[in-house]
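Here is a short briefing on one protein model. Look at the structure first, then work through the points by topic.

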Amino acid sequence: SKNISTPIITAHLENDTDPEFARRVKGRIEKTVLGEVCEYMEEVYLPYDSFLLVKLDLERIRLLKLEVDADSIRYSICTSRLRVKPHQVQVQGPSILTVQATSQKSLSLDAMLCYLKENIPKVVIKGVPSVNRAVIHEDDSSGQIRYKLLVEGDNLRDVMATRGVKGTQCWSNNTYQVYQTLGIEAARSTIMSEIKLVMENHGMSIDPRHPMLVADLMTSRGEVLGITRHGLAKMKESILNLASFEKTADHLFDAAYYGQTDVISGVSESIIMGIPMAVGTGLFKLCQKTDRENVLSQRPLLFDNPIYHSGAEAVRG
């Protein structure tokens with residue numbers, strides 16, 4: 001599947017010994033919305049004007065190590081999907097913003113103000129929009145505490161390009177994302193490493209050639225294909241091979257209806273047909289070459305012997 005349930009990106013840092021540096025990089029990657037750093041948000045009605053007052057929590061912004069201010073938040077609001085024009089958002093101070101509402105054909109002024117109050121807290125002001133959470137992981141296996149980030153999200157390209165992250169030491173467990181970002185060879189390495197990691201977590205050891213064989217099969221066509229009936233349909237062209245996996249009757253019916261042929265060159269179809277498969281000792285045939293031509297003579301028949309003929313004549317006499 002292109003979208004897995006728990007995509008995790010492991011990102012090493014340029015300065016992996018400083019926890020403050022790790023928190024700053026985390027703030028650049030983790031998605032932060034305006035509602036998380038807003039102290040309060042109120043509707044203000046004046047005799048000749050009405051607007052939405054946004055009060056920022058500067059202390060929370062400082063604790064989260066977010067590199068944002070009132071001007072950058074104003075830019076985020078103007079570039080969001082709310083269709084707010086730049087002249088509608090005004091910076092009144094380091095922690096005060098006002099957003100004016102304009103009436104539209106389908107919404108009145110009061111309804112538009114309520115719409116902004118409901119949706120402005122969802123505006124992303126910092127981080128990668130597809131990253132829900134980033135966790136700082138401490139690793140002391142080398143005797144010294146080193147920090148790295150475990151990012152829960154899919155956008156590997158943006159995480160690698162984030163300032164403070166080592167792009168050459170950044171990987172994901174989402175094989176399809178690795179394929180789109182780094183290519184098919186990186187996806188092949190990811191498949192092998194993930195299989196090895198799963199086996200080791202269950203206390204089992206596996207020969208490296210087995211995951212290599214699986215990874216080669218899944219990436220041999222230049223794209224990542226799963227070992228499912230949909231992936232096998234792209235990997236194999238043999239009807240009997242597809243029928244031996246899933247939905248046997250459907251594959252055989254479609255092949256008969258469209259008049260498809262099978263050359264029977266693989267292992268599964270050879271076993272089904274009961275013929276030697278073209279692997280191992282069945283990969284070649286032995287032929288004996290002789291210098292002289294062997295002329296076969298006709299084998300004499302049993303009843304051509306005269307003894308049997310004379311015995312028959314004696315019986316008659």
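Four strands form an open sheet, in the order E8-E9-E1-E10, with antiparallel pairing. Strands here are DSSP runs (E, at least two residues), helices are DSSP runs too (H or I, at least four), and both are numbered from the N terminus. The model is predicted: local features need pLDDT of at least 70, side-chain atom pairs count only at pLDDT 80 or more, and totals for chains, interfaces and linings use all residues. Residues are numbered from 1 along each chain as its sequence is written, and side-chain values use heavy atoms, with hydrogens and water left out.

- The edge strands are E8 (131-139) and E10 (165-172), and each pairs on one side only.
- Two strands count as paired if DSSP finds at least two bridges between them.
- Angles run from 0 to 180 degrees between N-to-C directions, and the axes are lines fitted to C-alpha atoms, for helices over the stretch in contact.
- E8 pairs with E9 (residues 146-153) in the antiparallel sense, over eight bridges.
- Alanine 134 has valine 151 in E9 as its bridge partner.
- Helix H1 (residues 19-29) lies across E1 (8-13), E8, E9 and E10, and runs at about 15° to E9.
- Strands of a sheet pair through backbone hydrogen bonds, either parallel or antiparallel.

**The sheet E3-E4-E6-E5**

- Another open sheet has four strands in the order E3-E4-E6-E5, and the pairing is antiparallel.
- Strand E3 (38-45) and strand E5 (89-93) stand at the edges with a single partner strand each, so one side of each has no neighbour in the sheet.
- E3 and E4 pair in the antiparallel sense over seven bridges.
- Helix H3 (residues 70-78) lies across E4, E5 and E6 (96-100), running at about 165° to E5.

**Lysine 55 and the cysteines**

- Lysine 55 is found in strand E4 (residues 50-56).
- Is lysine 55 buried or exposed? Lysine 55 is buried, with a relative accessible area of 19%.
- Buried means under 20% relative accessible area, exposed means over 50%, and partly exposed is in between (1.4 Å probe, protein chains only).
- Lysine 55 touches Cys38, Glu39, Tyr40, Ser95 and Ile96, not counting residues up to four places away in sequence. Contact means heavy atoms within 4.5 Å.
- Cysteine 38 stands opposite leucine 56 in E4. Cysteine 38 is buried at 16% relative accessible area.
- Cysteine 78 is buried too, at 18%.
- How many disulfides are there (pairs of cysteine sulfur atoms within 2.5 Å)? The count comes to zero.
- The sulfur of cysteine 78 is 16 Å from the closest cysteine sulfur, in cysteine 38, which is too far for a bond.

**Aromatic rings**

- Rings of Phe, Tyr and Trp (its six-membered ring) pair if their centres lie within 6.5 Å; planes under 30 degrees apart are stacked, over 60 edge-to-face, and the rest tilted.
- The count comes to three aromatic pairs.
- Phenylalanine 253 and tyrosine 257 have ring centres 6.4 Å apart and planes at 15°, so the pair is stacked.
- Phenylalanine 253 and tyrosine 257 are four residues apart in helix H11 (residues 248-258), so about one helical turn separates them.
- Tyrosine 257 and tyrosine 258 have ring centres 5.0 Å apart and planes at 90°, so the pair is edge-to-face.
- Phe253, Tyr257 and Tyr258 form one aromatic cluster.

Definitions and conventions. Disulfide = S-S within 2.5 Å.
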